[in-house]
Amino acid sequence: MDLQDKAFFLRTFGCQMNVNDSERIAGVLAAAGARPAERAEDADIVIVNTCAVREKSEEKLYAYLGRVRPRPGGRPVLIGVAGCVAQAETAELLARRPFVDFIVGPDNYLRLPEIIRRAGGPTVVADEWSIEWKETPEALIHRESPVTAFVSIMEGCNNFCSYCIVPFTRGREKFRPLRAIRAELAALSARGYLEILFLGQNVNSYRDPETGTPFAALLAEAGRMPGFRWIRFLTSHPKNFSADIVEAMTSCPVLCREVHLPLQSGSTSVLARMNRGYTREEYLAKAALLRQRIPGISLSTDIIVGYPGETETEFRDTLSALETLRFTNIFSFRYSPRPRTAAAKGADDVPFETKKRRLMEVQALQKEIQSALHKSLVGSIMTVLGVGPSRRDPAVFSGRNESHQVVNFRSPTDPAGRFVRVRITGAGPYSLRGDLVDD
Ligand code: SAM
Ligand code: SF4
């Protein structure tokens, strides 16, 4: 199919990295003459950009494909699958959804126009992968926000945590040349972007492939560039979170006092089985260093419950770590076996009901912690980056503070895309409430 004047609809599942990939896919399709459609029903091409990290995310893909599949007598439509599942599970995808017209892995998005041109017969599969970084020209990225920009600095992962499919879907670590990152930052600064989010599976291990410049130096350099108010990065690995990164963060006020540092489990024995490369004590020591060097820093994390062999005592270690660390936010998951991972070769032996109960216990404890943290902020005044009207009340707007907490507040005008000051007047476990102080 020729893309000129064709309507495409893009459905994204998963993390910010997938959102950033969708911004590239949209840009590449638009540059080839296609235009975005509001709904899948109005599109000539539907692309599902997927996530394979948990079984649940993959099942969402299969359910969605079932909904958008072409019907006899219905509108002709090409269906494509992009992202992690496309790269890692082509055979299963073809077996379960043979009507898919093309499958495109993360290293092949620049080739989409040619792939779509060939689609319509047998499924076209583009899952080539190379260790070379593939640069997407800035003009080919259709950014969703005019304020916050994702800047990808690395891809892939060499860590092989026993439960994780990412090294198989995204391949080995590859780093983007610093000169390309610099050029993108300069373009974003000139266009007035205020917030930068550096992205990668393990950003701490970044090294410029040409000069060896480490992540801490990249952060410090970005922090000195004009225009940016907030700079964040995602995801960090506790074993690579070195002292020079902490020092870079202390030296530069635009580097947000906020770190997402996945703990996974509070038990040293589970961490060893997970192949995480740190102990409970080492994690606690890193968190203490961050809190000591960067007062007021907020930490968030990922937790897995019901990892194979997790005993009640090991699970209690996770609860006690949550109590000690008092995270601003957590993302918690029930373990699910993923194909090709080391953990999937053994038994998934924690019963589903136990996993479910442990997840509820984690979430209930975290709810208490967040409620208390939020209550302690009532009465304070904080800087908030406005996002837009809140879901429930058009007179109430929503935004995020430096710690990435949700703040809902009254304002006479829409503060979207602006930094405003908000006085916190109330708090629930998942968000803060307040009033605009000034403009
Ligand atoms: N690179 C990051 C890291 O080092 O933790 C994040 C990787 S993954 C995209 C996001 C989260 O999904 C992980 O931190 C982990 O908590 C969760 N996850 C990954 N594989 C999982 C599995 N098989 N079962 C349950 N949760 C899983
Ligand atoms: Fe997966 Fe571990 Fe790599 Fe994170 S560090 S992407 S959890 S293998």
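Strands are DSSP runs of E of at least two residues, and helices are runs of H or I of at least four, both numbered from the N terminus. The model is predicted: local features need pLDDT of at least 70, side-chain atom pairs count only at pLDDT 80 or more, and totals for chains, interfaces and linings use all residues. Residues are numbered from 1 along each chain as its sequence is written, and side-chain values use heavy atoms, with hydrogens and water left out.

**Exercise 1.** Determine which strands each supply at least two residues of the lining of the second largest pocket.

*Solution.* A pocket is an open set of points on a 1 Å grid over the protein atoms alone, where a 1.4 Å probe fits, with protein on both sides within 12 Å along at least five of seven lines; lining residues have an atom within 4 Å of a point. Of the 18 lining residues, S390, R391, R392, N408 and S431 lie nearest the centre. Strand 17 gives the most, with four residues.

**Exercise 2.** Classify the aromatic pair of F175 and Y206.

*Solution.* Rings of Phe, Tyr and Trp (its six-membered ring) pair if their centres lie within 6.5 Å; planes under 30 degrees apart count as stacked, over 60 as edge-to-face and the rest as tilted. The centres of F175 and Y206 are 5.6 Å apart and the planes stand at 70°, so the pair is edge-to-face. F175 lies in strand 9 and Y206 in the loop between strand 10 and helix 8, 31 residues apart.

How values were computed. Chains lettered and ligands numbered in written order.
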